[in-house]
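Hi,

Here is the model I promised to pass on.

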Amino acid sequence: MGNEPPDLSSAPGVRRGRSVLFEYGTLETTFRIAVTGSGFAFQTRDRGSSWALAEFSRLDDAERFVLLWEGARRSSASWFDGLTTVPDGVVVLEDRPGKVLRWDNGGEDHVARALSDASSTLVGHLAWVRTRSLPEVLALVDSVDPGRRHAFPRR
């Protein structure tokens, strides 16, 4: 399930259940990928309330998104010098209030939907790393200048 190893859903010591593929965080705030009726949701739980931040049709996109989410929390490195774009082959189905993107990857339809302001930018970033493996995305988000490392467009 998910990307080729190492995938997030098989990480040792990570809490899993039937509808929750993995969950991480503190006793007060957790994040998780949960199975939904139409795919997968990246959710947060804080002080007893739970809500989705983004939804995905494919697990591998949800896993890449988690790495982007955590990378953005650790580093404020710029990806686009303030410019938000999507690569060729990605269709913007909706831009406001949330961003909804769709693309084809080898005959498989992928849809990513942002459900919060914080996830909207990262769904755009996901479009740029949609074909990268988890180790490649991890190296990218850990870099000082992700935009230059990935050769994102500069305008």
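Let me begin with glutamate 55, which is partly exposed at a relative accessible area of 29%; here buried means under 20%, exposed means over 50%, and partly exposed is whatever falls in between, using a 1.4 Å probe and protein chains only. Please keep in mind that this is a predicted model, where local features need pLDDT of at least 70 and side-chain atom pairs count only at pLDDT 80 or more, while totals for chains, interfaces and linings use all residues. Residues are numbered from 1 along each chain as its sequence is written, and side-chain values use heavy atoms, leaving out hydrogens and water.

Glutamate 55 belongs to strand β4, residues 49-56. Strands are DSSP runs of E with at least two residues, helices are runs of H or I with at least four, and both are numbered from the N terminus. Which residues does glutamate 55 contact, leaving aside its neighbours within four places in sequence? They are Phe40, Ala41, Val111, Ala112, Arg113 and Leu115, with contact meaning heavy atoms within 4.5 Å. Alanine 34 sits 21 residues away from glutamate 55 along the chain, and their C-alpha atoms are 9.5 Å apart.

**Salt bridges**

One of those contacts, Arg113, also meets the side chain of glutamate 55 in a salt bridge, at 3.8 Å from N to O. The criterion is a side-chain nitrogen of Lys or Arg within 4 Å of a carboxyl oxygen of Asp or Glu. Glutamate 55 is in β4 and arginine 113 is in strand β7 (residues 108-114), so the pair ties together parts that are 58 residues apart in sequence. Arginine 113 is partly exposed, at 32% relative accessibility.

The structure has nine salt bridges. Another of them joins arginine 58 to glutamate 108, with the closest N and O atoms 2.9 Å apart. This pair also links distant parts of the chain, 50 residues apart: arginine 58 is in the loop between β4 and α1, and glutamate 108 is in β7. Arginine 58 is partly exposed at 29%, and glutamate 108 is partly exposed at 36%.

Then there is aspartate 60 with arginine 64, whose closest N and O atoms are 3.6 Å apart. The two are four residues apart in helix α1, which means about one helical turn between them. Are they buried or exposed? Aspartate 60 is buried at 15%, and arginine 64 is buried at 5%. A salt-bridge network links Asp60, Asp61 and Arg64.

Strands count as paired if DSSP finds at least two bridges between them. Strand β2 (residues 29-36) runs antiparallel to β3, with eight bridges joining them, and threonine 36 has glycine 39 as its bridge partner in β3. Strand β3 itself (residues 39-46) is mostly covered, with six of its eight residues buried.

**Core and rings**

How many residues make up the largest nonpolar core? There are 30, and those touching the most other members are Ile33, Phe42, Phe56, Phe65, Leu68, Trp69 and Leu126. Helix α1 (residues 59-74) supplies the largest share of this core, with seven residues. By definition, such a core is a set of buried Ala, Val, Leu, Ile, Met, Phe, Trp, Tyr and Cys residues joined through side-chain atoms within 4.5 Å.

Among the contacts of phenylalanine 42, beyond four places in sequence, are Tyr24, Phe31, Phe56, Phe65 and Trp69. Those residues turn up again in the ring analysis: ring pairs link Phe22, Tyr24, Phe31, Phe42, Phe56, Phe65 and Trp69 into a cluster. Searching the whole structure gives eight aromatic pairs. One of these is phenylalanine 22 with tyrosine 24, whose ring centres are 6.0 Å apart with planes at 15°, so the pair is stacked. Rings of Phe, Tyr and Trp (its six-membered ring) pair if their centres lie within 6.5 Å, and planes under 30 degrees apart count as stacked, over 60 as edge-to-face and the rest as tilted. Phenylalanine 22 is buried at 5%, whereas tyrosine 24 is partly exposed at 23%.

Best wishes
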